[in-house]
Amino acid sequence: MSQITNNSIRVKKINQELIKQALKLMKEGTKSMIASATGLSVATCGTILNEFLETGEVIETEMEQPNGGRPAKRFIYNANFAYIACIYISSEGGQHSLTYTVANLYGEAVDAGYIEVELADANAVEQQVEELIAKHAEIKAVGIGIPGLVHQGVINVCDIAELIDVPLEARLRELFEVEVTVDNDMNLTVYGFFKQQNYDEDKTIAVVTFPRNNFPGAGMMINGHIHKGTTQFAGEISFLPFGISRDEQWRQFHDAEAFVPLAAKTIMSIIAVINPETIGMTGELVNETYIEGILKLCKGVIPDEHMPQLIVLEHPHDDYMNGLIAVTLESLSYNLQLVEKRR
């Protein structure tokens with residue numbers, strides 16, 4: 001393919017994405033309104049909109065003019081043109097489970113459920129995806145949240161041992177021929193929490209989890225972007241140099257008296273490294289009564305002007321699923337660094 005042809009295809013995809021995003025924000029609009037919103041010519045918008053009409057991704061209706069003149073054609077983005085399936089895997093309290101949501105292109109849920117399984121391994125995930133696609137043929141992308149991390153397409157750290165060394169993303173893409181995204185639970189939770197805040201500008205925030213029966217973890221948004229690190233290892237806070245063995249760390253995090261000092265050290269490390277505005281805390285080991293003790297210890301080290309707001313997340317599972325829906329929808333969009341917010 002020549003460079004000119006490649007550039008032309010890229011420009012067209014960019015223009016298509018601009019029109020899609022404009023219509024999603026506007027809910028409905030005329031060609032002129034869309035051209036104004038995107039900066040594209042009316043002719044370019046008309047050509048692309050006609051293509052979308054043919055595929056069904058855009059719906060055309062007529063808008064009555066207040067002066068009784070000729071009705072203007074208006075365009076509505078078809079949110080049900082395609083669906084996404086989002087599943088997050090959990091082993092909380094030793095119970096393995098799959099929580100799923102099927103959503104339209106506006107991120108609105110059309111189906112949801114929770115299934116307890118004996119083992120949340122790749123086979124369980126594949127079976128669940130297969131059932132959802134059989135029920136909703138419109139599914140074009142799948143997002144999977146895992147209690148671990150993925151490096152070069154392979155899960156290499158995970159609370160569920162049977163998922164370690166599994167190239168889950170590639171397996172699902174090959175089996176079902178859909179776009180697939182597999183991401184860390186804390187990255188997804190912090191992204192979902194970030195988007196729920198509707199910040200006017202890019203912020204730096206973190207979410208830290210202290211689960212029962214597992215080591216703690218964190219997700220971080222730095223200046224509006226998820227921070228994953230070179231090998232996706234960022235946020236693995238159980239590897240901080242606490243000066244104790246991992247066995248002793250486990251014991252202290254699960255001991256009511258030792259929890260607050262160790263949690264405070266964890267929070268102080270995050271503050272010193274990324275200087276967040278807010279740190280959300282979650283996990284079975286966390287409760288509101290610990291916040292005051294953690295704050296007191298942090299303020300004994302961190303100057304007041306650099307202390308973030310510490311909160312306990314009220315609905316972490318909702319934040320998790322909202323983040324998973326967001327990144328899965330993004331996987332269907334033409335990826336532009338100019339507009340991409342999470343990478």
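In this predicted model, the buried residues of helix α10 are Pro316, Asp319, Tyr320, Met321, Gly323, Leu324, Ile325, Ala326, Val327, Thr328, Leu329 and Glu330. The helix is thus mostly covered, with 12 of its 16 residues buried. These buried residues pack against strands β4, β5 (97-103), β7 (139-146), β10 (179-184) and β14 (278-282), and against helix α6. The length of α10 can also be checked: at 1.5 Å a residue, its 16 residues should span 22 Å, and because the end C-alpha atoms lie 23 Å apart, the two values agree.

Helix α10 (316-331) also takes part in lining the second largest pocket, to which it supplies at least two residues. The volume of this pocket is about 650 Å³. Its lining comprises 36 residues, and those closest to the pocket centre are Pro147, Asp159, Asp185, Thr209 and Pro211. Besides α10, the elements β4 (83-90), β9 (154-158), α6 (185-197) and β12 (217-222) each contribute at least two lining residues.

The axes of α7 (residues 246-253) and α8 (residues 256-274) come within 7 Å and cross at roughly 115°. From α7, the contact involves Gln249, Gln252 and Phe253, while α8 provides Ala258, Phe259, Leu262, Ala263 and Thr266.

| Site | Nonpolar | Polar | Charged |
|---|---|---|---|
| Contact of α7 with α8 | 5 residues | 3 residues | no residues |

Leaving aside residues up to four places away in sequence, Val58 touches Leu23, Leu49, Phe52, Leu53, Phe75, Ile76, Tyr77 and Asn78. Ala170, by contrast, is 112 residues from Val58 in sequence and 31 Å from Val58 in space, C-alpha to C-alpha.

The overall features of the protein complete the description. The protein contains 10 helices and 15 strands, and its C-alpha trace spans about 75 × 50 × 45 Å along the principal axes. Of its 343 residues, 48% count as buried. Among contacts between residues at least 6 apart in sequence, 61% join residues at least 24 apart.

Terms used
Residues numbered from 1 in each chain as written. Predicted model: local features only at pLDDT ≥ 70, side-chain atom pairs only at ≥ 80, totals over all residues. Heavy atoms only, no water. 1 Å grid on protein atoms, 1.4 Å probe; cavity = no way out; pocket = protein on both sides within 12 Å on 5 of 7 lines; lining within 4 Å. Points joined across faces, edges and corners; volume = space filled by probe spheres on them. Helix = DSSP H or I, 4+ residues; strand = E, 2+ residues; numbered from the N terminus. Axes fitted to C-alpha atoms, helices over the stretch in contact; angles between N-to-C directions. Contact = heavy atoms within 4.5 Å. Nonpolar A, V, L, I, M, F, W, Y, C, P; charged D, E, K, R; others polar. Expected span 1.5 Å × (residues − 1). Buried < 20%, exposed > 50% of the residue type's maximum accessible area, 1.4 Å probe, protein only.
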